[in-house]
Amino acid sequence: MTERSPRIAVIGGGQLARMMAPPAIALGVPLRLLAEAEGVSAAQVIPDQQVGDYRDLDTLRAVTEGCSVVTFDHEHVPTEHLRALAADGVVAHPGPEALVHAQDKIVMREAMTRLGAPQPRWAVVASVAEAEAFGLPCVLKTSRGGYDGKGVWFARTPEDAAEALAAAEQAGVRLLAEELVDFRRELSALVARSPSGQAAAYPVVATLQVDGICAEVVAPAPDLDPRLAAEAQKLALRIAGELGVTGILAVELFETADGILINELAMRPHNTGHWTQDGAVTSQFENHLRAALDLPLGSPAPRARWTVMVNILGGDHPDVGRLYDGYPHALARDPRLRVHLYGKDLRPGRKVGHVNTFGDDLEDCLERARHAAAWFRGDLGNHSE
C-alpha cells in the first residue's frame, strides 16, 4: 500500500502562505495552495495551486484531496465546512473546535472567561442603549471578519455606536463591546503546539500599532519584567493547550500597570512573529509546518540579542516596480538587512513587505529597520518621477 504524501494544503493565497514556502522546500514538504485569484502573493511561489472560493465546500474537498493535512493563511474558512472535511477524514491544523476562537471574538471572550484568563471587561451589545449602558467611550468590534483595524470602532458617542451597530447588522454578525484599556504598550506572546502536545514559546515581543495595523515589532520586548514575560508565555501555552490549538498561536496582549490583559488571538503565523524568519533558530513558519505534520518542533531561541521588524506599507505609487527600486540603496547601506517583499499590488496602507534587522544595539537595529522601510515606501526620496 502506498503511503500518503506529506503534502499540506494551504487555504488562502496571502503573504503568510507565501512565507511558508521556503521552509516547506527545505523540509521537502510539498504544498498545495487554494488561492483566491490568479497571481496573488502565495500563488507566485507555490506551483501546485487551484483558484477558488474557500467558502465553497466542494472546492475545499478538491484542494485537500490526497493531502495529509490542511492549514490556513487566514481564519475565515467556515467552521461548518471544516467539520464536514473532518467527517471526510481530512485533518485540519488547527481544527475547527480551536479555530472558531480566532474566527469569532465573542466565542473567544466567552472561552477566556471560562478559563479565568485576564482580559478587558466586555459584553455583547445589540442596541445603542446597551452600548451606553456598557459605558461610552468603549471599543466596539464586529464578532467576525475584522482585521487590521477593520470592523473596529472607538465609540465615544451614541452616534458612533449606531454606526458600528449598523455595520454589524449589515454584515450579519454580532457586536462586541470592550472597555478602553489604559495600557502602557502592546505585547505578543507567540507559541507553537503540535498535535502530540509538544509546545515551544518564543520570546515575548513589543508591538507598535498604527491605525490598527502592526507597524513595528521588537524582540524581545525591551525592559519587560522577566516575571511578566514568563506569565505571558505561560498564559499563551495554557490557552493553546486548553483550546487544543495546533500550529502557531499568537496571543496579543495589553501591558498595563497591573499586569497583562488579552486583546486578541490568532491561530496561524502572525505579523508579530515575522521577526523569527531571521531572528530565531526556527521561524514561526517552519514550526507551523512541523506542527501540522506532528514533527518535533524546532528551537524558538533568538539568534541575536535584538531583532526588529518594521512593516513596509504601500504608498501613493501604484507601480510595484517602484518598490523594488528601493533595493540598491537599502542593501548597500546595510548588508545585514533582511528584506521580505510579498509581490502584492501597492495600495496606501497595505502591507507589501517587511524588513528585519538584528544585533546587539537596539537603537541601531531600530534606526536601520525604520530607514529601510521608509526608503522602500518612498518616504526618503528613492522614487524619481
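## Backbone exceptions: positive phi

A residue is called partly exposed when its relative accessible area lies between the limits for buried, under 20%, and exposed, over 50%. In this predicted model, Asp294 has a relative accessible area of 36% and is therefore partly exposed. Asp294 sits in the loop that runs between α10 (284–292) and β15 (306–313). Although Asp294 is not a glycine, its phi is positive, at about 55 degrees.

Asp211 also belongs under this heading. Its phi is positive, about 55 degrees, and Asp211 is not a glycine. The residue is found in the loop between β11 (205–210) and β12. With a relative accessible area of 72%, Asp211 is exposed. As background, most residues other than glycine have a negative phi, and most peptide bonds are trans.

## Cis peptide bonds

The peptide bond that joins Leu136 and Pro137 is cis, with omega at about 0 degrees. Pro137 lies in the loop between α6 (128–134) and β6 (138–142).

Another cis peptide bond joins Ala219 and Pro220, and here omega is about -10 degrees. Pro220 is placed in the loop between β12 (213–219) and α8 (226–243).

## Cysteines

A disulfide is a covalent bond between the sulfur atoms of two cysteines. The structure holds 0 disulfides. Cys214 is in no disulfide, and the nearest cysteine sulfur, that of Cys365, is 17 Å away.

For a disulfide to be counted, the two sulfur atoms would have to be within 2.5 Å.

Are these two cysteines buried or exposed? Cys214 is buried, with a relative accessible area of 4%. Cys365 counts as buried too, because its relative accessibility is 0%.

## The second largest pocket

Rolling a probe the size of a water molecule over the atoms shows where empty space is left. The second largest pocket contains about 270 Å³ of space.

How many residues line the second largest pocket? Its lining is made up of 13 residues, and those that lie nearest the centre are His76, Gln103, Arg144, Gly145 and Val173. By type, the lining of this pocket divides into 5 nonpolar, 4 polar and 4 charged residues.

Notes. Residues are numbered from 1 along each chain as its sequence is written. This is a predicted model: local features need pLDDT of at least 70, side-chain atom pairs count only at pLDDT 80 or more; totals for chains, interfaces and linings use all residues. Side-chain values use heavy atoms; hydrogens and water are left out. On a 1 Å grid over the protein atoms alone, a cavity is a set of points where a 1.4 Å probe fits but cannot get out, and a pocket is an open set with protein on both sides within 12 Å along at least five of seven lines; lining residues have an atom within 4 Å of a point. Grid points are joined across faces, edges and corners, and a volume is the space filled by probe spheres set on the points. Ala, Val, Leu, Ile, Met, Phe, Trp, Tyr, Cys and Pro count as nonpolar, Asp, Glu, Lys and Arg as charged, and the others, Gly among them, as polar. Buried means under 20% relative accessible area, exposed over 50%, partly exposed in between (1.4 Å probe, protein chains only). Helices (H or I, at least four residues) and strands (E, at least two) are DSSP runs, numbered from the N terminus.
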